[in-house]
Amino acid sequence: MRNFVQLKRAFSASRMASVQVPLALHGIDGRYATALFTAAAKKDSLPKVEGDLKQIAGLLERDPAVATFLENPLIAREKKKEGVAIILGQGKYSDLTTNFFNVLAENGRLGLTTKILSSFAELTRAARGEVAVTVTSAVALDSKTLNKVRDVLAKGNLLEAGAKLSVTNTVDPQIIGGLVIEVGGKTIDLSVSSKITKLNNLLNQPV
């Protein structure tokens with residue numbers, strides 16, 4: 001709790017009650033993400049901070065070594081602070097984003113970076129009234145296919161009419177083929193691996 005208090009002190013604007021948070025998040029990563037969201041909203045900097053975090057998320061995805069460096073608990077805090085300064089120095093990030101990551105480094109919370117980025121994205125989607133949709137496939141899908149999935153979901157009964165969908169494609173070769181769709185707390189498993197599992201269970205049932 002002491003670390004989070006330090007964050008709140010570092011972002012005094014995040015204590016202002018005039019900012020309405022669109023979603024209650026739990027856990028340490030949720031509290032950090034909420035503090036940043038509130039501070040950014042108060043400073044009218046949400047679009048810029050959101051862009052900063054997307055840029056950082058892209059860096060972590062392109063260079064797993066950076067993600068490993070941030071999340072490795074065996075690396076000394078001072079060494080991580082130096083690393084963060086180098087990483088942030090390579091991009092044009094807002095002062096708010098830079099200060100936030102400096103606080104994470106100071107508080108020893110850089111290991112939560114990926115979760116905090118995800119939680120912040122969840123807050124911004126909620127603020128725009130968007131519904132997150134994750135489509136898992138064995139190979140990356142093109143935009144045309146993702147748009148078809150979006151259209152099918154929009155016309156179905158799973159979501160409220162007019163819901164804005166934010167579709168993300170993740171790749172998992174282990175599903176072999178087909179799709180696994182996660183939306184609104186529900187999972188639609190249309191994968192080949194799931195069908196094979198069901199077939200194996202059926203074949204192994206006693207006669």
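**Strands, helices and loops**

Tutor: Start with valine 180, whose bridge partner in E4 is aspartate 189. Keep in mind that this is a predicted model.

Student: What stands opposite valine 180 in E3, on the other side of that pairing?

Tutor: Threonine 136 stands opposite valine 180. Strand E1, residues 130-137, pairs with E3 in the antiparallel sense, over five bridges.

Student: And how many bridges join E3 to E4?

Tutor: Four bridges, and E3 and E4 run antiparallel. E4 covers residues 186-189.

Student: Is E3 buried or exposed?

Tutor: Largely enclosed by the rest of the structure, because four of its five residues, 179-183, are buried.

Student: What is the strand order in the open sheet?

Tutor: The order is E2-E1-E3-E4, four strands with mixed pairing. E2 (164-171) and E4 are the edge strands, each pairing on one side only. From one strand to the next, the twist averages 20°.

Student: Do E1 and E2 pair in the parallel or the antiparallel sense?

Tutor: Parallel, over eight bridges. One of the pairs to look at is glutamate 130, which has lysine 164 in E2 as its bridge partner.

Student: Which helix packs on the sheet?

Tutor: Helix H8, residues 143-155, packs on the sheet and touches E1, E2 and E3. The direction of H8 makes about 135° with that of E2.

Student: Let's do the loop between E2 and E3. Where does glycine 177 lie, and is it buried or exposed?

Tutor: Glycine 177 lies in that loop. Glycine 177 counts as buried, because its relative accessibility is 14% and the cut-off for buried is under 20%.

Student: What does glycine 177 touch?

Tutor: Setting aside residues up to four places away in sequence, glycine 177 touches Ala138, Leu190, Ser191 and Val192.

Student: Zooming out, how many helices and strands are in the chain?

Tutor: Nine helices and four strands. From the N terminus on, the elements run α-α-α-α-α-α-α-β-α-β-β-β-α.

Student: Pick a helix pair. At what angle do H3 and H4 pack?

Tutor: About 105°, with the axes 5 Å apart. H3 is residues 46-62 and H4 is residues 64-71. The two are therefore roughly perpendicular to each other, since angles of 65 to 115 degrees fall in that class.

Student: Which residues meet there?

Tutor: On the H3 side, Leu59, Leu60, Glu61 and Arg62; on the H4 side, Pro64, Val66, Ala67 and Leu70. By class, this contact has six nonpolar residues, two charged and no polar ones.

Student: Next, threonine 124. Which helix, and is it buried or exposed?

Tutor: Threonine 124 is in helix H7, residues 113-127. Threonine 124 is buried, with a relative accessible area of 5%.

Student: What is threonine 124 in contact with?

Tutor: Phe37 and Glu50, leaving aside neighbours within four places in sequence. Phe37 is also among the residues that proline 22 touches.

Student: Where is proline 22 found?

Tutor: In the loop between helix H1 (2-10) and helix H2 (27-42). Proline 22 is partly exposed, at 34% relative accessible area. Besides Phe37, proline 22 touches Leu123, Ala126 and Ala127, again not counting residues up to four places away in sequence.

Student: And what separates proline 22 from glutamate 71?

Tutor: Their C-alpha atoms are separated by 28 Å, and the two residues are 49 apart along the chain.

Student: Where does pLDDT stay under 50?

Tutor: Over residues 12-17, for which the model has ten contacts beyond four places in sequence. The chain averages a pLDDT of 87, and 91% of the residues score at least 70.

Student: Last one: what are the totals for burial and for contacts in the chain?

Tutor: Of the 207 residues, 37% are buried. Among contacts with a separation of 6 or more, 68% are between residues 24 or more positions apart. The C-alpha atoms fill a box of roughly 65 × 40 × 35 Å along the principal axes.

Definitions and conventions
Residues numbered from 1 in each chain as written. Predicted model: local features only at pLDDT ≥ 70, side-chain atom pairs only at ≥ 80, totals over all residues. Heavy atoms only, no water. Axes fitted to C-alpha atoms, helices over the stretch in contact; angles between N-to-C directions. Parallel < 35°, antiparallel > 145°, perpendicular 65-115°, else oblique. Contact = heavy atoms within 4.5 Å. Nonpolar A, V, L, I, M, F, W, Y, C, P; charged D, E, K, R; others polar. Buried < 20%, exposed > 50% of the residue type's maximum accessible area, 1.4 Å probe, protein only. Pairing = 2+ DSSP bridges. pLDDT = per-residue confidence, 0-100.
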